[in-house]
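Open the model in your viewer and keep the sequence panel beside it. The stops below say what to select and what is found there.

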Amino acid sequence: MALKEKTDGLTVEQDTFVVPDITIKELLGAIPTHCFKRSALRSSLYILWDSFVIGCIYKGATYLDAFIDPAVIELPHPFAYRLARFALWSLYGFWTGLFATGLWVIGHECGHQAFSESKFINNTVGWAVHSALGVPYHAWRITHGQHHAATGHMTNDQVFVPHTRSELGLAPLDPSKEDILGSRVTEEVMKELWEALGDSPIGAVLGSATYLLGGWPAYIITNASGQARYPKGTSHFTPNAVMFKPHQHWQIMVSNAGIALWLSGLVAWAYNRGIWEVLTLYIVPYLWVNHWLVLITFLQHTDPLLPHYRANEFTFARGALATLDRNLLGDCGSIMAWIGAHATNGISETHVLHHVSSKIPHYNAWEASAALKKFLRGRGMHLEGGPGGWAEVVRVFKECKFVEDEGDVVFFKNAYGVAQMKPAFVDNASDSGIELEK
């Protein structure tokens, strides 16, 4: 996107997003047939592997902790022992949280019926794994399924739905001062928008950090960042909430029972072993899991490059392709990129494929994703975003402020009212090959 500053404002040369006209049959046809096969045994091995790695991290931390003692090692100051122990168990929390996110992903696959061929096994394992991680399994499974059915839909998607200009209380668009597509904005409008939406670098970092730490429980408990048309305070713990149907009442109650058992277990653990052990061994890794969950999903669905659709132009295939693959921790080097991808079972790296067919298990998703990307590249589509990391969250947080109230295909505008992308449609009635804007 090129910028041209003028005395009366700003004009940008936007990149063009050609709205895909691809059927889901074509997308599925690009994936090797054997990738759709599900195996309860193979899926279970990944639960055992992730649990084994977490156990090794714990054993390693306790082993090293024994050396942080004046009788074993001499440090320059008594406080240094506390600092060293804090650093050690902070590393434990980070690495345990990363691999526990892999367990979370397996529970998520259960919700998509990708763990095995058996619905009973899927839901039993999913309930157990997700309950152990503080997730109301059935409640989230239901709304997450609705998210997949309407990804990128402005009124039917469940989460990461952009705020519109009117929802943020901004002044109505004035075509004489700004272009609805976000390619031209006067200085007057830029100033007004920045005063309403702008972030200082520190503000953007703090805002992003708050979102990463509290975004998941806020969504589950109060629908924060969820569908705006739902009543305020809509909760995944309420059986009669608007996103659930009457016949799903007892599924929500079963989910709530899982959370009640989870909380009871934490309380009993704290009572018998002390709150600090629970905080160190479980709560800190749990917060890291929540952090990774929000970071990964936020970056999959939020970017100036991604379209959002209103009903007239939405199709399931377009919604599935309104997402990005990102290499988790790729900005920290190739080794961390490999660890990030495999610790979290490829949830960030194969996400577009996951939206095209959510029943493909993660161990087959790598091959399936490569085949799908090859097909999409042949259609001129490259759905790979920047590496998934904290710097990228801050960048996206700053660039994605709102979308317009009008338009069937909309892109995020930043705090100056500028959008990086504009939509274009292929004229299928013509053999000229010329893309016509709409």
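Predicted model: local features only at pLDDT ≥ 70, side-chain atom pairs only at ≥ 80, totals over all residues.

## An exposed tyrosine

Select Tyr271, which is exposed at a relative accessible area of 74%; the term exposed means over 50%, buried means under 20%, and partly exposed is in between, with a 1.4 Å probe and protein chains only. Tyr271 belongs to helix α8, residues 249-273. Helices here are DSSP runs of H or I with at least four residues, strands are E runs of at least two, and both are numbered from the N terminus.

Residues are numbered from 1 along each chain as its sequence is written, and side-chain values use heavy atoms, with hydrogens and water left out.

## Two loop residues with positive phi

Most residues other than glycine have a negative phi. Go to the loop between α3 (78-111) and α4 (119-132), where Gln113 sits. Its phi is near 65°, a positive value in a non-glycine residue. Is Gln113 buried or exposed? Gln113 counts as buried, at 14% relative accessibility.

Next, select Leu329 in the loop between α10 (316-320) and α11 (334-343). The phi of Leu329 is also positive, near 65°. Leu329 is buried, with a relative accessible area of 1%.

The structure holds 21 aromatic pairs. Rings of Phe, Tyr and Trp (the six-membered ring for Trp) pair if their centres lie within 6.5 Å; planes under 30 degrees apart are stacked, over 60 edge-to-face, and the rest tilted. One of the pairs is Trp89 with Tyr92, edge-to-face at 5.2 Å centre to centre and 65° between the planes. These two are three residues apart in helix α3, so about one helical turn separates them. Both count as buried, Trp89 at 16% relative accessibility and Tyr92 at 6%.

Move to Phe94 and Trp95: their ring centres are 4.9 Å apart and their planes lie at 85°, so this pair is edge-to-face. Phe94 is buried at 12%, whereas Trp95 is partly exposed at 26%.

Keep Trp292 selected. Beyond its neighbours within four places in sequence, Trp292 is in contact (heavy atoms within 4.5 Å) with Phe94, Gly97, Leu98, Thr101, Leu328, Leu329 and Trp390.

Which residues have the most contacts inside the largest nonpolar core? They are Trp104, Trp216, Trp292, Leu295 and Leu328, in a core of 51 residues. Such a core is a set of buried Ala, Val, Leu, Ile, Met, Phe, Trp, Tyr and Cys residues joined through side-chain atoms within 4.5 Å. Colour α2 (40-65), α3, α5 (137-149), α7, α9 (275-301) and α14 (390-399), the elements that give two or more residues to this core. The most comes from α3, with 13 residues. Apart from this core lies another, of 28 residues, among them Ile31, Ala317, Leu353 and Ala365.

## Last stop: Ser208

Finish in helix α7 (residues 201-222) at Ser208. Ser208 is buried, with a relative accessible area of 3%. Neighbours within four places in sequence aside, Ser208 is in contact with Val393, Val394 and Phe397.
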